[in-house]
Amino acid sequence: VTVAFENTEGEEYLEALFANFADHPQFGFCWDSGHEQCYNRAQDMLQKYGRCLCATHLNDNMGVTAADGSLSTSDDLHLIPFDGVIDWETAARRLVAVGYEGALSFELKRQARENTRYLALSPQEYLSACYAGASRVAALAKQARKRQKNA
């Protein structure tokens with residue numbers, strides 16, 4: 001069993017865990033793309049911890065939305081990829097650059113906090129949209145792997 005720690009707010013705790021356990025065979029990192037965009041203020045968490053990457057929580061959001069830059073839990077929307085501000089081509093390249101070849105797991109929510117945009121969709125339409133977004137991310141990762149091999 002591998003325990004994967006996810007990037008959330010409070011990077012100092014994640015830094016302490018990695019300082020003490022990064023070499024343990026059952027210690028890993030779960031990269032949450034949406035958390036990086038809002039909680040981690042777009043810090044490159046893959047660059048910091050990608051050597052231990054064993055899982056993903058891929059999702060999109062609008063970043064920090066308050067005019068004063070303050071973080072709100074309503075910023076973590078778990079949108080379908082390409083429905084927010086994350087640059088998915090760059091995200092896919094970053095995943096490939098750290099050598100990740102595992103499953104791409106998505107953490108999406110039909111309604112998260114103030115996000116009600118998907119409620120007009122039927123469950124089938126929502127799942128279809130999720131699949132389409134996930135497939136686009138997977139295709140970008142495949143292209144990035146191909147480019148890396150040809151470089």
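Is Glu125 buried, partly exposed or exposed, and what is its relative accessibility? At 44% relative accessibility, Glu125 counts as partly exposed, where buried means under 20% relative accessible area, exposed means over 50%, and partly exposed lies in between (1.4 Å probe, protein chains only). The structure is a predicted model, in which local features need pLDDT of at least 70 and side-chain atom pairs count only at pLDDT 80 or more, while totals for chains, interfaces and linings use all residues. Residues are numbered from 1 along each chain as its sequence is written, and side-chain values use heavy atoms, with hydrogens and water left out.

Glu125 is placed in helix α5. Helices (H or I, at least four residues) and strands (E, at least two) are DSSP runs, numbered from the N terminus. The side chain of Glu125 reaches the backbone nitrogen of Ser122 at 2.7 Å. This is a polar contact, defined as a pair of N or O atoms within 3.5 Å; within protein, one must be able to donate a hydrogen and the other to accept it, and residues adjacent in sequence count only if both atoms are side-chain atoms.

Strand β2 (residues 27–32) is largely enclosed by the rest of the structure, because six of its six residues are buried. In a regular strand the side chains alternate between the two faces of the sheet. Both faces of β2 are covered, with Phe27, Phe29 and Trp31 buried on one side and Gly28, Cys30 and Asp32 buried on the other. Strand β1 (residues 3–6) pairs with β2 in the parallel sense over four bridges, two strands being paired if DSSP finds at least two bridges between them. Phe27 in β2 is the bridge partner of Val3. A parallel pairing over four bridges also joins β2 to strand β3 (residues 53–57), and in β3 Thr56 stands opposite Trp31. Together, β1, helix α1 (residues 11–21) and β2 make a right-handed β-α-β unit. A crossover is right-handed if, with the strands pointing away from the viewer, the path from the first strand over the helix to the second runs clockwise.

Aromatic rings were examined next. A pair of aromatic rings is described by the distance of the centres and the angle of the planes. Rings of Phe, Tyr and Trp (its six-membered ring) pair if their centres lie within 6.5 Å; planes under 30 degrees apart count as stacked, over 60 as edge-to-face and the rest as tilted. By this rule the count comes to eight aromatic pairs. One of them is the edge-to-face pair of Phe18 and Phe27, with 4.8 Å centre to centre and 80° between the planes. The rings of Phe18 and Phe29 have centres 6.0 Å apart and planes at 75°, so this pair is edge-to-face. The pair links distant parts of the chain, with Phe18 in helix α1 and Phe29 in strand β2, eleven residues apart. Phe18 is buried at 5% relative accessibility, and Phe29 is buried with a relative accessible area of 0%. One aromatic cluster is formed by Phe5, Phe18, Phe21, Phe27, Phe29 and Tyr49.

His35 is found in helix α2 (residues 33–38) and is buried, with a relative accessible area of 6%. A polar atom of the His35 side chain lies 2.7 Å from the backbone oxygen of Asn7, and a polar contact of 3.0 Å joins the side chains of His35 and Asp76. Leaving aside neighbours within four places in sequence, the residues in contact with His35 (heavy atoms within 4.5 Å) include Glu6, Thr8 and His78.

His78 lies in the loop between β3 and α4 and is buried, with a relative accessible area of 2%. Most residues other than glycine have a negative phi, and most peptide bonds are trans. His78 has a positive phi of about 55° although it is not a glycine. Phe82, in the loop between β3 and α4, also has a positive phi, near 85°. At 26% relative accessibility, Phe82 counts as partly exposed. Arg136 lies over the face of Phe82, at 3.6 Å from the ring centre; a charge sits over a ring if NZ of Lys or CZ of Arg is within 6 Å of the ring centre and within 35 degrees of the ring normal.
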